Protein chains: 2
Amino acid sequence: MQTIETLIHARWVIPVEPTETILENHAIAIHDGRILNILPSAQASATYQAETTHQLDEQALIPGLVNSHTHAAMSLLRGLADDLPLMEWLNEHIWPAEREWVSSEFVHDGVQLAVAEMLRSGTTCFNDMYFFPDITAHAASAAGIRAVVGLIVIDFPTAWAADADEYLHKGIEVHDRFRSNPLISCAFAPHAPYTVSDEPLERIRTWADELDLPIHIHLHETESEVTAALEKEGRRPLQRLAELGLLSPRLVAVHMTRLEAEEIEQLATCGGHVVHCPESNLKLASGFCPVQKLLDAGINVALGTDGAASNNDLDMLGEMRSAALLAKAVAGQPGAIPAGTALRMATLGGARALGLEEQIGSLVPGKAADIVAIDLGGIETRPVYHPLSQLVYAAGREHVTDVWVAGRHLLKERTLTTLDEQAILDRTAQWQSRICINA
Amino acid sequence: MQTIETLIHARWVIPVEPTETILENHAIAIHDGRILNILPSAQASATYQAETTHQLDEQALIPGLVNSHTHAAMSLLRGLADDLPLMEWLNEHIWPAEREWVSSEFVHDGVQLAVAEMLRSGTTCFNDMYFFPDITAHAASAAGIRAVVGLIVIDFPTAWAADADEYLHKGIEVHDRFRSNPLISCAFAPHAPYTVSDEPLERIRTWADELDLPIHIHLHETESEVTAALEKEGRRPLQRLAELGLLSPRLVAVHMTRLEAEEIEQLATCGGHVVHCPESNLKLASGFCPVQKLLDAGINVALGTDGAASNNDLDMLGEMRSAALLAKAVAGQPGAIPAGTALRMATLGGARALGLEEQIGSLVPGKAADIVAIDLGGIETRPVYHPLSQLVYAAGREHVTDVWVAGRHLLKERTLTTLDEQAILDRTAQWQSRICINA
């Protein structure tokens, strides 16, 4: 008998790799925070002596969900201004509130609220874009969740930095400070083509190459973004990025609701990634990302919730379902984005976009033990003819019972083990009072 | 002090009438199954002596949700065949399974599973279309939920009836048997224009007038339905119904993803109702119902989940959110279907479509006490800047804590009081084994 840390027996294991595989009555053996083996339960019991054993008779185990685009701290602004167009929402509500309130304290408390929500809904890694990325990295790491923190760059001054130079300088500091933290990695995060000028984009291109980092950017989110760029400079934003040398496998392009056929080809050729945020795109009436066409062209597509101010949740299970449902109607094909593809986008697709596919994104020996258990045994998810289908089309965030990140049990029978839920709610209530009074 | 049955104090009451109203720290006084009064909590405590008092400090009370189109018993087929086009799904999977399995026992067990799910997610009334409507009525009534059972008519024989004559005859018997049951009402339910011929449709028109019943029908669900009708008989299905005299305020037209401008006018003129089923329309790639245009034309729009075989849940809170999100992208206006309008469609819109607007659909003295309490105090729904927005965009089915129908407490702190959850799960598992083996 081999002694290991943890053995999780489950009714089903859906590893994502190989595609469409569903293992019944299997166990995952975990040691040193990594997946050691996946094997039939009976065999596992005969092979391993585990310090901790879990018996999850109604659950499916899946790789931890990767939220590939969010602004975690904005959870404190959830529902502040709904049912408004993107630019009005940004200019008249979100940016004024941010100017007034964003601080290291705001980011800390907002990220804790967001991480609590993400863990409770099966997200084990998030790709963030916001101010005070050092605080985000600290809060994520302390909670035990994996994060890719965006080294944000934007042309206008904020509480975090005064100009492009300072954004970049502070960003590099954050990168250096967290480089040995196994849960934290960094991406450059120029906000959007319409808010970042050429010079910082060129520096980002160079430094991203040197430091081997992704470049996380909002791109072609709305028709008006594209139209305004055409009017102003006679080219579409993607073309500008191409001319600046930013089209590469480092590109993590978020939204992409406006794409011409040649642009899809261009993206496929350069190896860039798209992060699809269906609920945010619907809510802000930004448009429809042609997901099936992107996949057909061989482009890697990840999923993101966007921030809670424009969604209004950080629920990747819900986002996966929305992505699968919406893609069918957009493609006019009920077979578009079947359940297995949706799950792959929400896991391995995200890992690939973030350059973490060697570490996470599927349940494979050697990868980190980032694992989520989802109960399919209740009223909402019975009968179970096809567990993968049930997971995507019927299960909800409330069915997530347990979450492990790097083998650490962060959600245990729906209780957070590293975060104090009541303290988070109390601080959220304090922020609400302050922001309400001044809104 | 006036003695009453129940007094529910809540943090918020969202009555739907008047529109956009949010009452803080109010109470609903209930007697004889009806809403007696809605008034500030302090005043309520001074006025009423209640047999049962509830103090819901984190909850919003809303009118019970009205699921205006479902096939409850099909919950036993949830997830049997996903990611397929409508006609292939019907012809090769659903109809064969139904031919093999549908019986009074199947309908009883399927309806119990569906009612358990609906109550747990805040639905207090459902408009059903399925075989054995007598069994559906019995099961609903026994569980204490309100139902409009469809007196189904379809040209082909099933376990329920052999031909149009028998469908109609048995339907009328069901209507007569349940006419004194306060929870049950009936609607004629000709399945769809492509499955019901002229003669039974004409009889339905006459009898619906005589008995004062709605006519519940799938209509313009897909492009191919419309195209096939044009090819076969040179007119669109709506035109055929018009010529048969079915366009009236009795018409409850489900789906309506294909509508020309004149058809919208025609519907508005006749006073017919549309039931929008956004998730089913997306999943089957049926198309996009132009909801904002329908509302702009003055047409009453209700919401439905459709059956769990094509959704795959009966979650009206989720459907309301999907409807609000999708309408914005379809209209190209982020202000389309704001939160208050979505809630109105899911409550009063349904009540109006079903001819029940004097009884249910809003929290107004004199109406039935069909009330749902939703907890907005947790991680997923905090902060609460606008309770109505939070309810639609952030809350989920799991936040439904309590449900009353006609003043009867059917879900009590998330426990069903009239249904045995374990027994339902056991019977569901038995059906799954039987259907799986023979699938």
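A salt bridge is counted where a side-chain nitrogen of Lys or Arg lies within 4 Å of a carboxyl oxygen of Asp or Glu. By this rule the side chains of R397(A) and E398(B) form a salt bridge, with an N to O distance of 2.6 Å. The rule finds 10 salt bridges across the interface of chain A and chain B. The model is predicted: local features need pLDDT of at least 70, side-chain atom pairs count only at pLDDT 80 or more, and totals for chains, interfaces and linings use all residues. Residues are numbered from 1 along each chain as its sequence is written, chains are lettered from A and ligands numbered from 1 in the order in which they are written, and side-chain values use heavy atoms, with hydrogens and water left out.

In the same interface, 32 residue pairs are in polar contact, both residues being at pLDDT 80 or more. A polar contact is a pair of N or O atoms within 3.5 Å; within protein, one must be able to donate a hydrogen and the other to accept it, and residues adjacent in sequence count only if both atoms are side-chain atoms. On the side of chain A that touches chain B, the elements giving two or more residues are α3 (104–120), α10 (278–283), α12 (316–331), α14 (387–393) and α15 (421–438). The largest share, 8 residues, comes from α15(A). Helices (H or I, at least four residues) and strands (E, at least two) are DSSP runs, numbered from the N terminus.

Contact, defined as heavy atoms within 4.5 Å, involves 63 residues from chain A and 63 residues from chain B. About 5000 Å² is buried between the two chains, 58% of it on carbon and sulfur atoms; this is the accessible area (1.4 Å probe) lost on putting the two parts together, summed over both. In chain A, the residues losing the most area to chain B are D83(A), I379(A) and Y385(A), together 16% of what that side buries.

Chain A has 15 helices and 16 strands. Its C-alpha atoms fill a box of roughly 65 × 45 × 45 Å along the principal axes. Of its 439 residues, 66% count as buried, that is, under 20% relative accessible area (1.4 Å probe, protein chains only). Among contacts in chain A between residues at least 6 apart in sequence, 72% join residues at least 24 apart.

In chain B, H54(B) lies in strand β4 (residues 48–63). H54(B) is buried, with a relative accessible area of 13%. Apart from neighbours within four places in sequence, H54(B) contacts T6(B), L7(B), I8(B), H9(B), W404(B) and H409(B).

Methods: Buried means under 20% relative accessible area, exposed over 50%, partly exposed in between (1.4 Å probe, protein chains only).
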